[in-house]
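I opened my notebook for a first walk through a new structure. Here is what I looked up, entry by entry.

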Amino acid sequence: MSHKPLKLIIIAGSKGRVTVKYPYQEPLITPEFRGEIEIDPAKCIGCGACVKACPPNALELLESEKEVILRYFVGRCIFCWRCIDVCPVNAIKGTRNFELATDKHTDLYTLVVHTRTTCEICGKPFETTRMQRYIAEKSPVTEEYASICPDCRKRLLAEAVSARRVGISEHKE
Amino acid sequence: MLNLEETTKYIELASKSGGQAKIEGDTVFITIPPDRLVDVADTIFNKYNTSFRVCAGVDERPLNGHFSLVHLFTDDKAGLYVAVKTYLSGESPVAPSITSVVPAADWCEMEARDLLGIEFTGRETYRLVLPPWWPSNLYPLRKETPYNYRPEPRLESEKLGYSREYGVIPLGPYHPALHEPEYFELYVEGERVVDVKYRGFHVHRGVEKLAESRMSYQQVNFLAERICGICGFVHSTCYALAVEKAAKLDVPERAQFIRSIVLEVERIHSHLLLLGVAFHLLGYDAGFMHIWRIRERVMQLAELLTGSRKTYGINLVGGVRRDVNEEKKQKTLEALRELGREFKNFIEVAISVPQVKKRLTGSGVLPREEAVKLSVEGPVARASGVNKDARRDLPYAAYKYVSFKVPVYTEGDNLARVLVRVDEVFESISIIEQLLDKLPGGSILLTDFEIPEGRVGVQVVEAPRGGDIHYVVTGKGAPYRWRVRAPTYANIPALRVMLRDQPLADAPITIASIDPCFSCTDRVVVVRDGRIEEIKLTQLVK
Ligand code: SF4
Ligand code: SF4
């Protein structure tokens with residue numbers, strides 16, 4: 001029998017204890033670690049780009065007559081930070097936080113509530129107030145359409161077209 | 001790179017069989033009528049000595065009124081993918097089975113039968129992936145079946161097999177070797193295993209259906225990565241490469257280098273994990289602890305490079321999301337140096353521990369012929385003298401820029417499978433060093449590209465457990481069809497050979513020796529069922 005196995009004692013001795021006294025010590029995560037995200041409610045315009053990009057539906061847009069709510073459910077979040085990649089106004093910040101255990105499930109949700117504008121023509125609820133302002137700032141040319149909902153915009157366009165080609169109406173409700 | 005002579009024989013074969021062939025990139029697409037399928041598969045597999053990877057059923061009825069069945073082979077010597085497609089009737093799809101000439105096609109045919117309702121002639125058929133209570137006319141992967149439809153589950157207990165001659169010993173379904181649900185039924189005569197029955201596919205996640213119905217191209221990367229908790233990056237890379245191949249995207253070199261680097265980091269962690277588990281199963285827990293201590297360094301390295309210890313989340317169609325700067329490069333090199341030193345020191349000790357060596361040597365033998373016949377993958381193949389490795393044979397990402405050895409052993413026993421992995425750890429360290437040294441400049445992500453509909457991409461990526469294959473048919477904003485086959489899918493059938501005629505006590509280590517990843521294998525079915533498994537223990541008295 002070889003005496004090689006005895007070498008293990010030497011290896012073990014030279015290594016000593018490698019486990020840390022977590023949670024009484026800083027956890028061993030690198031600066032690169034991706035953890036929970038933080039949405040800055042002052043910056044978010046409620047555009048929903050992050051919702052479209054989020055792979056597990058951790059971000060959702062809940063819409064009602066008066067409000068659009070961006071809801072972040074950390075229980076579903078996979079910490080991929082795709083939302084951060086796509087947010088047009090940098091409203092989302094990545095943190096290194098991963099200690100998320102809680103005894104209140106409501107702690108797992110973050111809500112950003114937005115007020116909604118209504119369409120100037122049909123009066124139906126439309127994009128968030130902030131979103132409207134954002135678009136107006138970005139491209140002043142569209143300003144005259146900015147307060148008209150996509151349905152009405154389509155209808156206006158169709159009417160304009162059919163006004164030229166009399167008889168063909170593409171009007172759809 | 002493509003050898004013209006090699007492709008001509010496929011084109012001739014296709015025209016001889018009343019079909020057509022076209023070549024796109026490294027893939028030969030052959031379309032033949034169903035009645036010639038067995039002949040063609042026989043020639044491609046047995047005469048041209050290719051590897052059979054998987055078959056995929058596709059519901060093409062919304063496009064052309066037909067179902068189709070695609071058999072995927074790779075000609076590893078020529079660096080070619082061969083996709084053999086047949087169109088089947090849209091009303092009652094029936095295809096001839098190729099299992100008589102390609103035994104490895106057994107499972108994938110049954111999967112196509114369960115999920116798409118394609119019937120097979122010339123073989124015994126059985127339900128493979130769907131639970132027993134699943135309605136018989138409900139085919140999850142048909143396009144008209146909604147992804148979130150859940151039929152009412154029925155509780156049904158599966159009975160333990162019974163044998164007059166032999167004792168029956170259930171192994172699993174909760175913890176056969178790893179913490180994953182897989183069930184083996186061992187028939188024993190005294191201490192010897194005489195036969196094995198296997199029942200898998202307990203974990204139904206519906207990954208393919210989900211991607212096809214609810215997600216976008218870029219979101220699927222993250223879903224793909226979650227197919228496996230150990231080698232997920234393999235899946236997201238394989239998916240991204242398949243889509244990029246289909247769309248003919250020119251992905252920046254630097255991104256491909258980073259993919260290869262991270263793939264090798266993942267391989268090291270995966271091999272060290274398995275070595276630890278193997279030592280644990282052999283009762284050598286000191287070995288387990290030390291290997292995992294060494295492995296911790298790799299996990300931290302992965303986090304440094306990608307932002308996550310596991311499920312790295314940096315792959316996108318078109319490239320990667322995290323770059324490697326000079327500081328990270330130096331830290332990686334330093335970590336690898338230390339890792340190499342520590343691993344070498346320790347593994348020499350561990351492998352020479354008498355109980356480890358004795359129990360690994362000569363147990364769980366898989367002879368070469370069986371390995372070839374079953375088209376097994378990765379270290380299982382290489383330990384049985386089958387010299388195949390997709391990194392060398394079908395180079396992808398940045399593997400064509402590095403040189404490395406592919407360790408091959410001929411013994412086919414548990415020790416050989418362990419030694420293949422030990423050697424590969426050292427090769428992986430060297431590969432990462434070479435890649436970091438040659439890392440080209442430039443961007444890491446392609447933006448602004450289009451993915452045309454109706455294109456096909458097939459990609460194999462060598463996972464730590466062997467070749468992983470993804471087949472993508474592009475659709476509108478998302479894959480129209482996405483077929484995934486993890487290597488364990490190909491390796492489990494070989495367990496039957498390995499376990500037979502072995503002492504019962506060696507069963508757990510033999511099962512572990514293929515480094516099984518059951519959840520990857522089970523990835524396909526639609527509904528997470530609420531069924532309660534019940535194994536009735538009949539008397540084990542002989
Ligand atoms: S980090 Fe990823 S999973 Fe979490 S909210 Fe952002 S996009 Fe969604
Ligand atoms: S502004 Fe940013 S955080 Fe707010 S909805 Fe749009 S993408 Fe999401």
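How many of the 9 residues of helix α6 (residues 217-225) of chain B are buried? I found that 8 of its 9 residues are, so α6(B) is mostly covered, where buried means under 20% relative accessible area, exposed over 50%, and partly exposed in between (1.4 Å probe, protein chains only). The buried ones are Y217(B), Q219(B), V220(B), N221(B), F222(B), L223(B), A224(B) and E225(B).

**Ground rules.** I noted that this is a predicted model, in which local features need pLDDT of at least 70, side-chain atom pairs count only at pLDDT 80 or more, and totals for chains, interfaces and linings use all residues. Residues are numbered from 1 along each chain as its sequence is written, chains are lettered from A and ligands numbered from 1 in the order in which they are written, and side-chain values use heavy atoms, with hydrogens and water left out.

**Chain A as a whole.** I counted 5 helices and 6 strands in chain A; helices (H or I, at least four residues) and strands (E, at least two) are DSSP runs, numbered from the N terminus. Along the sequence their order reads α-β-α-β-β-α-β-β-β-α-α. Of the 173 residues in chain A, 32% are buried. I then looked at contacts (heavy atoms within 4.5 Å). Taking those in chain A between residues at least 6 apart in sequence, 60% join residues at least 24 apart. The accessible surface of chain A is about 11500 Å², with 55% of it belonging to carbon and sulfur atoms; such areas come from the Shrake-Rupley method with a 1.4 Å probe, and for residues only the protein chains shown count as cover.

**Ligand 1.** Which residues are around ligand 1? With a heavy atom within 4 Å as the test, I listed I37(A), C54(A), P56(A), L59(A), Y72(A), C77(A), I78(A), F79(A), C80(A), W81(A), R82(A) and C83(A). This shell divides into 11 nonpolar, no polar and 1 charged. For these classes, Ala, Val, Leu, Ile, Met, Phe, Trp, Tyr, Cys and Pro count as nonpolar, Asp, Glu, Lys and Arg as charged, and the others, Gly among them, as polar. Ligand 1 takes up the space of the second largest cavity. A cavity is a set of points, on a 1 Å grid over the protein atoms alone, where a 1.4 Å probe fits but cannot get out; a molecule sits in one if more than half of its atoms lie within 2 Å of its grid points.

**Ligand 2.** I found ligand 2 in the largest cavity. Around ligand 2 are C44(A), I45(A), G46(A), C47(A), G48(A), A49(A), C50(A), L70(A), C87(A), P88(A), V89(A) and I92(A). By class, that shell has 10 nonpolar, 2 polar and no charged residues.

Most residues other than glycine have a negative phi, and most peptide bonds are trans. Against that background I noted a cis peptide bond between Y22(A) and P23(A), with omega about 5°. P23(A) lies in the loop between α1 (7-15) and β1 (37-39) of chain A. W81(A), one of the residues around ligand 1, has a positive phi near 65°. W81(A) is in the loop between β3 (67-73) and α3 (82-86), and counts as buried at 15% relative accessibility. In chain B, A397(B) has a positive phi near 40°. A397(B) sits in the loop between α14 (390-393) and α15 (414-438) and is buried at 9% relative accessible area.

**A pair in chain B.** T332(B) has a relative accessible area of 0%. I then turned to I432(B), which is in helix α15 and is also buried, at 0%. Not counting residues up to four places away, I432(B) touches I261(B), E264(B), V265(B), I268(B), T332(B) and L336(B).

**Last entry.** Beyond residues up to four places away, G466(B) touches E377(B), G378(B), P379(B), V461(B) and P487(B).

Definitions and conventions
1 Å grid on protein atoms, 1.4 Å probe; cavity = no way out; pocket = protein on both sides within 12 Å on 5 of 7 lines; lining within 4 Å.
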